[in-house]
Amino acid sequence: MSKFESSFIGILGGTFDPIHYGHLRIAEEIVEAVGLREMHFVPAGRPCLRYTPMASPQHRTAMVRAAIQNNPGFILDERETRRSGPSYSVESLREFKQEMGKNITLCFVMGADAFIKLTEWHSWRELFRLCHVIIAARPGHALATSHDILPQELREECAQRWVSNASSLECTSSGLIFVAPTTLLDISATTIRVRISAKRSVRYLLPDTVLDYIETNHLYSGEE
Ligand code: ATP
């Protein structure tokens, strides 16, 4: 099946404070490995489980737009930054499901660091009713080789859900988990923010378009 005929759609939620090549590369590789028709980038408005983002939702959204502008398969979705109140991924997935119809299979993408903390998420078990979960390995997180590091509650919920081939995801429209064989890139938004505030280079960790935006708007330097 060509990727244009695929009924599989990827969703990559994140704070994107700022977006970087770690995000873009896992999106690109997962589109290819799973055969997704497109990947939707969903910047969180008010993330519930972490610090308040340094950049405003408007800036974080603009940086995602700048990063993906030349890739027609990457789509910016602003629903969470437009929503008042906290950002719940489950709520967004419910909306995607309703808007896109029954024939679409949603694949929610998470880094291994985020997946390990899944039980802290609002209505986390419902995720498996709404979508498949695609995990990207992340340096420093051993999930790809062992499930033993998962909290017991999560390990039990996931026990029958793991698949080792992307093609197995076609058996059903939700509830399976696939660890995608993505390139390990040890890049984080935290490192980028720290480097910028220390006036160190972040070139080649994120697209030039995003770097230009950060410099023009004096983000993360302590001057904004
Ligand atoms: P921060 O350092 O501020 O915590 P981050 O770099 O983890 O940010 P997020 O926007 O929080 O970026 O990440 C969005 C999603 O992308 C999460 O599921 C996260 O695990 C994943 N992700 C981010 N960077 C990478 C990376 N280098 N490799 C694999 N997954 C990543």
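The legends below describe close-up views of a predicted model. Residues are numbered from 1 along each chain as its sequence is written, and side-chain values use heavy atoms, with hydrogens and water left out. Local features need pLDDT of at least 70, side-chain atom pairs count only at pLDDT 80 or more, and totals for chains, interfaces and linings use all residues.

**View A. The open sheet has seven strands.** The strand order is S3-S2-S1-S4-S5-S7-S6, with parallel pairing. Strands (E, at least two residues) and helices (H or I, at least four) are DSSP runs, numbered from the N terminus. Two strands pair if DSSP finds at least two bridges between them. S3 (74–76) and S6 (162–163) stand at the edges with a single partner strand each, so one side of each has no neighbour in the sheet.

**View B. Strand S4 pairs with S1 and with S5.** S1 (residues 8–14) and S4 (residues 105–111) run parallel over five bridges. Ile9 stands opposite Leu106, and Leu12 opposite Val109. S4 and S5 are also parallel, joined by five bridges. Here Phe108 faces Val133 of S5.

**View C. Both faces of S4 are covered.** Thr105, Cys107, Val109 and Gly111 are buried on one side. Leu106, Phe108 and Met110 are buried on the other. Buried means under 20% relative accessible area (1.4 Å probe, protein chains only). Seven of the seven residues of S4 are buried, so the strand is largely enclosed by the rest of the structure.

**View D. Helices H1 and H4 lie across the sheet strands.** H1 (residues 21–34) lies across S1, S2 (38–43), S3, S4, S5 (132–136) and S7 (177–180). Its angle to S2 is about 145°. H4 (residues 89–100) lies across S1, S2 and S4, at about 155° to S4. Axes are lines fitted to C-alpha atoms, for helices over the stretch in contact (heavy atoms within 4.5 Å). Angles run from 0 to 180 degrees between N-to-C directions.

**View E. Helix H8 has buried residues.** In H8 (residues 189–197), Ala189, Ile192, Arg193 and Ile196 are buried. They cover an arc of only 95° around the axis, which puts them on the same side of H8. The arc is that of the directions from the helix axis to the C-beta atoms. The cover over these buried residues includes helix H9 (208–216). Just after H8, Lys199 takes a positive phi of about 60°.

Key. Buried means under 20% relative accessible area, exposed over 50%, partly exposed in between (1.4 Å probe, protein chains only).
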